[in-house]
Amino acid sequence: MIISGYLSRANFAKIHIEVEVPDEIYANSEFVLKLRLINKKRFIPAFLIRTNLLGKEILFPIVQRNNFEIGYLSFQFPRRGKLSIEQILLCSVFPFNFFVKGCEMKKDIEFIVFPQMKKCVHSSYLEHDKKLTGDRSTMRHGFDSEPIFIRDYVDGDPLKYIHWKASAKTGKLKTKELSSQSYKPIIIDFESFWIKDTEEKISCIAYIINSSFKKGVSVGLKINGEFYKDGISRQHKINMLKALALYEK
Amino acid sequence: MKNSPNTIKIESLVRFLSYAIGILGFISIFRNIGITYSVFFASLFAFSIYFDIRQKNPLPRWALNIFSFVFVVIAFMRFTMDDPVKPVVETLLILLAIKFLEKKFIRDYMQIYLISVLLLAGSALLSLNIGFAVYLLIMMFLLSIAIVSLTYYSEDKDLILKADTIKSLILKSTIIPAMAIPITVILFIILPRTSYPLLNFLNRETAVTGFTDSVRLGGISDIQIDETIIMRIKIKEIAPEKLYWRGIVLDFFDGISWRNSGSEISSITETLDIKGQKIGYTVYLEPSYNKYLFFLDKPHIRYPIKLTAFDDLTYTLRENLNRRIRYDAESVISEVLPERDISKDKYLQLPKIRFENIMAKVKEITENKDEQSSAEAILKFLKYGDYKYSVKNLPITTKPLEDFLFNYKYGNCEYFASAMTLMLRMRGIPARIVGGYKGGYYNAMGKYYAIPQKNAHVWVEAYFEKKGWFRFDPTPSVAADYSPLLTGFSKLRIILDTINFHWNAFILNYDFRKQMSLLNKIRINIQRPQFDFAYAKERTVQNVPFLIGFCLIVAFGYFFILKRKTYEEKIMAQFLSMMKKKGYEKDKCEGLEEFAHKIEADEIRVKAITFIQIFESHFYRDKKLTRQDYHRLKLMLKNLC
């Protein structure tokens, strides 16, 4: 019993845990938290440590001395908003299953769950908008517009972009490099957005922001008296999604 | 995860280790049991390995339990006190084989380990040799690895570990016996065999003189300032004036010292007819380097330890006492020892030196008085006269008694007792000196008397015709405090002395050699059992009430102790059962919160999450649920309905 108690205590010595939270977490979408259990003991491994994070558990059978092990926990949160991890509970029945030794690691991790993305009628807004405003060619590569130059065919290039004339001339398959089209920036005004239900509205706007970002459409947002000028950077997207996530929270 | 060549499933490791432990248990007793049992075990063991590999269970658990029960009953019928070990070991072996046949859960593996250890212990009882030490060592290492592996298994039954992890696990598990063996050796082997007290610093490192065959006047005065504890007596508290611890009788006086002229070895076979309070007790006597044992005056029975009993109710060991011993005794608290025939000459002996002054004094005191009144008068003269008690500057002269009586007028108990004995004898009353200890302080915490050396005391016994020996204590009682009140630092000493006492008692009660010789005797007497049906039937009938009692105790233990669920287990079982009724069943590998979040009905989900959060706030902080917590959670469950 004495030895069991002693080993159980020693097992938890110099144990640290780190949590890696992904940048983008969306409500009702599964995501993974990465846990790194670090054993800083010089001579002995850490055995059989079970961690409990936000009610989910993962077992680390062994962490070698001066080493670490990685574990993943998948989560899915139903609602948008701010969440925090204040503690991680570690417990172990090592060595004899006589006692459960527990240990609480204080943490101060905050993260934001972005709104659930819901494809809404407004998602056709982009196409509709494009037609209204007309295309604008850019020097960015794409498959949308005028050829910029011709290059050798690479596996995977769509057949419709093969420049048959040039291919016939050179005897080699050639592909047309076209310019991508850019769209007129979209500015979404949260207050005047046409969906009434707040959550539905937030989900729809989040979808528009995300899909616009994928297409390279510059998006801006007016919300809660703040104005996010249109842009296409990832940080810009995250800032807007944060604003949506924390709306009325 | 696929089980690649470099990985091992934890279940396989646990199984393998249990086979190894079972085989080790079997090997340890193989030579001492009947061949039938060995063959039976080996066959069942082989079957169980086969079925384990095929992942099948040949018989349901209940059937195997019935078999086990039948074997236990058979063992019970064969059990006799003359041959207790072998049937038990053989039955354990069969139970082990049956255990291997079962579908094994964690508790079954634990039972396999336990039975194997019991088999190994049984082997020590059947034949103790060096092989046992080897088996024990291997068993300790195997058990450590097995229990650690079983802990892994209990956490995740499907866990697959890399060979390196297993290696590390095995290596680190060996630390446990490596730590346990030295501690075990210190606690259970070395210490109980040493007579050295744990708290030796309590006792002063002085050579104990104590009583010898002769006591020179003034000779025990050194002892009388020595606070070393000479003995401790486990006994209920008695009035202090009744505490005379009898050890030695001195009958011959040469004018300066008293000695024992040779007491008669006791010829009394029956108990003496002494009237008074009868009391039993246990004495823990420190090494005194003499042969005398001490008993509460008057010892009543003859004792089973090797000693010589004398007619004067004293007892000696055959050799000087150089180690701590314990003995049980019984005494009758009485001032009178009825004895009819004594050698009067022996107890009327006077030294060759004439003590004219003393003689004259005796005449003066006892003139016209009968024997008993004379004795009372002498006692009064010494005890309540002009004489003072002292242990310092004693009259150690050529005529110490005369100097004591007429010049110094102070002395210790030896002077008072010697003077009275001499005066009684001068008056013609047979008298003798009894030496021992008086009083002692009662340790209420440990419920024992501690007698320090300084309580060494001598008193007088005078013989009156047809009445017997009467005790007289002429030493002024106010002078010598034999039952001191203890305060302050002494109280701490009492606590430490209590610990010391219990430790000594533990060691002295732990007579390994005696146990081993008894067991050896049992072993020699063991005969090959012959099954006598009629005898077995008779014994069974006789033992049915005991068997029923035994079964009831086992059942009680199983249901009320082993099966008793903790508050955590109870409340969680209730919660899960309630959820199940509502159509939500928790998956085995599912976390509680994860489970709760899946509940569709909003109200139930919210309540369930709150319940789980409160439960987990206790469980994962290693806090036990109190009765109040349990009832609070139970109330929450009621609201969930």
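First, some bookkeeping. Residues are numbered from 1 along each chain as its sequence is written, while chains are lettered from A and ligands numbered from 1 in the order in which they are written. Because the model is predicted, local features need pLDDT of at least 70 and side-chain atom pairs count only at pLDDT 80 or more, whereas totals for chains, interfaces and linings use all residues.

Next, confidence. The model has an ipTM of 0.70 and a pTM of 0.48. The pLDDT is the predictor's confidence in each residue, on a scale from 0 to 100. Its mean over chain A is 83, with 86% of the residues at 70 or more. Residues 128–140 of chain A fall below 50, and this stretch has 19 contacts in the model beyond near neighbours in sequence. Two residues are in contact if their C-beta atoms, placed from the backbone, lie within 7 Å. For chain B the average pLDDT is 79, and 79% of the residues score at least 70. Here residues 193–209 are below 50, with 27 contacts beyond near neighbours in sequence. Residues 525–531 of chain B also stay under 50, and the model gives them nine contacts beyond four places in sequence.

Now chain A. What does its secondary structure come to? There are five helices and 13 strands. Helices (H or I, at least four residues) and strands (E, at least two) are DSSP runs, numbered from the N terminus. Chain A has 249 residues, and 24% of them count as buried. Buried means that 20 or more other C-beta atoms lie within 10 Å of the residue's own; exposed means 12 or fewer, partly exposed is in between, and the C-beta atoms are placed from the backbone.

Look at the open sheet of five strands in chain A, in the order β2-β8-β7-β4-β5 with mixed pairing. Two strands pair if DSSP finds at least two bridges between them. The edges are β2 (25–26) and β5 (56–63) of chain A, each pairing on one side only. Helix α5 of chain A, residues 234–245, packs on this sheet and touches β7 and β8 (101–114); its direction makes about 105 degrees with that of β8(A). That angle runs from 0 to 180 degrees between N-to-C directions, with axes as lines fitted to C-alpha atoms, for helices over the stretch in contact. Inside the sheet, β4 (residues 46–53) and β7 (residues 81–92) of chain A run antiparallel and are joined by three bridges. In β7(A), A:L90 stands opposite A:T51.

A few backbone details deserve a stop. Most residues other than glycine have a negative phi, and most peptide bonds are trans. A:L48, not a glycine, has a positive phi of about 50 degrees. It is in strand β4 of chain A, and A:L48 counts as buried because it has 24 C-beta neighbours inside 10 Å. A:L54 also has a positive phi of about 50 degrees and is not a glycine. A:L54 is in the loop between β4 and β5 of chain A, and it is partly exposed, since 17 other C-beta atoms lie within 10 Å. The peptide bond from A:F94 to A:P95 is cis, with omega near 5 degrees, and A:P95 sits in the loop between β7 and β8 of chain A.

On to chain B. In its strand β5, residues 244–250, seven of seven residues are buried. β5(B) pairs antiparallel with β17 (residues 431–438) of chain B over six bridges, and B:V249 has B:V434 as its bridge partner there. β5(B) also pairs antiparallel with β10 (residues 295–296) of chain B, over two bridges; the partner of B:W245 in β10(B) is B:L296.

Which residues touch the most other members of the largest nonpolar core? They are B:F294, B:A419 and B:M420, in a core of 70 residues. Such a core is a set of buried Ala, Val, Leu, Ile, Met, Phe, Trp, Tyr and Cys residues joined through C-beta atoms within 7 Å. Its largest share, ten residues, comes from helix α13 (residues 413–427) of chain B.

Last, the contact between the chains: 24 residues come from chain B and 25 residues from chain A. On the chain B side, α6(B) gives the most, with seven residues.
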